[in-house]
Each structure stands twice: as structure tokens, then as C-alpha cells.
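Colleague: I have a model open and want to go through it with you. Can you take my questions as they come?

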Amino acid sequence: MIHFVLLIVCAVAIYLSCEWFVNAVEWLGQRLNVGKMAVGTILAAFGTALPESVVTLVAVTTGGTEEAKNIGVGAAMGGPLALATVAYGVTGAMLLLKRRRQHAVVLADTGMPPSGPEGQALGEEQALGDETDMRRLAKDQTWFLPIFVVKVALGLVAFAFKPTLGLLFFAAYAVYFWREIRGGSDGDEEDEELEPLKLQRKAASPATWAVVAQTLATLAVIFFASQLFV
């Protein structure tokens with residue numbers, strides 16, 4: 001029973017810490033004058049990927065037993081596999097549902113049949129986003145899918161220097177990180193008001209020390225909670 005309670009407590013702690021982390025990095029991106037797309041694809045995405053990433057890192061590097069290391073391997077392979085199957089399936093189903101609803105709206109507003117070329121194009125544009133959104137999505141997928149295919153392929157073979165190839169994945173992410181950061185902000189981005197920093201909820205513009213403190217503190221909680229979780 002104690003193990004079960006600790007498992008739930010650690011999971012909740014990791015979740016809440018990630019929520020606080022994302023809240024902090026939004027303000028950190030503003031302080032660093034980083035574009036919102038870069039904040040979303042780099043800083044916030046890093047925060048949302050922290051649970052499985054830290055669980056994997058802790059299990060593989062600090063796990064004292066073979067079972068702990070196997071948890072790390074399972075988390076490393078299972079996370080992207082779930083994203084590439086369940087998450088893509090849910091996303092695709094929602095887009096199809098939204099497109100069907102948009103077709104009905106187009107027919108009601110314009111009188112153009114949804115099956116017609118103009119009505120279908122308008123409905124798909126409203127459902128899937130504009131050309132800029134599609135370009136961003138395609139760019140991220142051209143990074144993720146080839147790397148994931150290589151990762152899975154390497155898992156099917158064994159050779160002596162394979163562990164050192166892990167550095168290539170870090171290098172690939174470093175290149176992606178650099179390109180996103182240098183890309184800056186897009187001209188069509190709207191100025192959206194950020195959610196107040198959780199450490200200074202009443203401050204319209206929180207202090208830099210509070211932003212940094214919340215970022216580092218949540219990282220520490222995530223790491224130690226993940227270690228106990230494993």
C-alpha cells in the first residue's frame with residue numbers, strides 16, 4: 001500500500017511540477033526575447049516531455065537493478081511509440097470531425113456544397129489552419145519522423161559502438177534547437193497576455209529571479225520525484 005501511495009504521489013508531483021515549469025518557461029522565453037513558436041517547440045515542449053525523459057534518464061543512469069534499467073528502455077521506446085500511434089490517431093480523428101463540422105458551416109453561410117472544390121477547400125483551410133500553420137507542422141514532422149525511424153531501426157540491431165550513437169540524437173536536437181531559436185518570432189504572431197507566474201500571481205510582470213527560481217525548483221522536484229517513481 002505504501003508503494004502504491006508513493007507512486008500516485010510522485011505522479012501527481014511530476015504533473016504539477018511540469019505545469020509550473022511550463023508556466024515559468026513562458027515568462028523565461030519572454031525575458032530572453034525568444035519568439036513564441038520557439039518557446040512552444042523548444043521550452044514548453046521540453047517541459048511537457050520532462051516526465052518520460054527524466055524517468056528514462058533516472059532509470060538508465062541511476063537504476064541499481066536490471067529491472068530499473070529495463071523501465072528506462074521501455075519508457076524511451078514506449079513514449080514515442082504512443083505518440084506515433086495513439087496521439088496521431090486522436091489528432092487525425094479530431095481534424096476529420098472538425099472538417100466535417102466546418103463543411104456544414106460553409107454550406108450554411110455560403111450555400112456552396114461541401115463536396116464542391118471551393119467549399120471543400122474553404123472547410124479544410126478552416127479546420128486545419130492556414131498555410132503558415134501547415135508549414136510549421138510539416139517542418140516539425142520532417143524532423144521527428146526520420147529521427148524516430150532511425151531510432152527504431154537501431155533498436156533492431158546490435159553492435160559494439162551503438163551506445164555512442166546516442167550522441168547523434170543530442171546533436172540532431174541541438175541543430176533543431178539552434179534553428180528554432182535563430183528563427184525568432186513570426187511576424188503574424190499576436191501579442192497574447194501570459195498567465196501570471198505562479199510564484200507571483202499578483203504581479204503583472206514578475207521579477208526575473210522569480211522566473212528563474214520557479215524554473216529551477218520545478219526541475220529539481222521533477223528529477224527527485226522521478227527517481228522515487230522509478
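Modeller: One cut-off before we start: a residue is buried under 20% relative accessible area, exposed over 50%, and partly exposed in between. Also, this is a predicted model.

Colleague: Fine. How many helices and strands does the protein have?

Modeller: Eight helices and zero strands. Along the sequence the pattern reads α-α-α-α-α-α-α-α.

Colleague: And what share of the residues is buried?

Modeller: Of the 230 residues in the protein, 25% are buried.

Colleague: What about contacts between residues at least 6 apart in sequence: what share join residues at least 24 apart?

Modeller: That share is 69%.

Colleague: Salt bridges next. How many does the structure hold?

Modeller: One. The partners are K198 and E195, with the closest N and O atoms 3.3 Å apart.

Colleague: Is E195 buried, exposed or partly exposed?

Modeller: E195 has 44% relative accessibility, so it counts as partly exposed. K198 is at 13%, which means it is buried.

Colleague: Where does UniProt place the feature "transmembrane region"?

Modeller: The UniProt entry, which is unreviewed, puts it at residues 6–25, 37–59, 71–97, 143–176 and 207–229.

Colleague: What does the chain do over residues 6–25?

Modeller: The model has 100% helix and 0% strand there, with the end C-alpha atoms 28 Å apart. Over residues 207–229 the figures are 96% helix and 0% strand, and the end C-alpha atoms are 33 Å apart.

Colleague: Back to helix 1. How far apart are its end C-alpha atoms?

Modeller: They are 42 Å apart. Helix 1 covers residues 2–31, and its 30 residues at 1.5 Å a residue should span 44 Å, so the two values agree.

Colleague: Which residues of helix 1 are buried?

Modeller: C10, I14, S17, C18, F21, V22, N23, A24, V25, W27 and G29.

Colleague: And what follows helix 1?

Modeller: N33 follows, with a positive phi near 60 degrees.

Colleague: I clicked on T218. Where does T218 sit?

Modeller: In helix 8, residues 208–229. T218 has a relative accessible area of 7%, so it is buried.

Colleague: What does the side chain of T218 reach?

Modeller: The backbone oxygen of T215, at 2.8 Å. Leaving aside neighbours within four places in sequence, T218 is in contact with S17, W20 and F21. S17 and F21 are also among the buried residues of helix 1.

Colleague: Aromatics, then. How many aromatic pairs are there?

Modeller: Five. One of them is W143 with Y176, an edge-to-face pair at 5.3 Å centre to centre with 65 degrees between the planes.

Colleague: Which helices does that pair link?

Modeller: W143 is in helix 6 (residues 131–155) and Y176 in helix 7 (residues 166–183), so the pair links distant parts of the chain, 33 residues apart.

Colleague: Which residues do ring pairs link into a cluster?

Modeller: W143, Y173 and Y176.

Methods: Residues are numbered from 1 along each chain as its sequence is written. This is a predicted model: local features need pLDDT of at least 70, side-chain atom pairs count only at pLDDT 80 or more; totals for chains, interfaces and linings use all residues. Side-chain values use heavy atoms; hydrogens and water are left out. A salt bridge is a side-chain nitrogen of Lys or Arg within 4 Å of a carboxyl oxygen of Asp or Glu. Buried means under 20% relative accessible area, exposed over 50%, partly exposed in between (1.4 Å probe, protein chains only). UniProt positions are given in the numbering used here, feature names are shortened, and annotations may be inferred rather than shown by experiment. Helices (H or I, at least four residues) and strands (E, at least two) are DSSP runs, numbered from the N terminus. Rings of Phe, Tyr and Trp (its six-membered ring) pair if their centres lie within 6.5 Å; planes under 30 degrees apart count as stacked, over 60 as edge-to-face and the rest as tilted. A polar contact is a pair of N or O atoms within 3.5 Å; within protein, one must be able to donate a hydrogen and the other to accept it, and residues adjacent in sequence count only if both atoms are side-chain atoms. Contact means heavy atoms within 4.5 Å. The expected span of a helix is 1.5 Å times one less than its number of residues.
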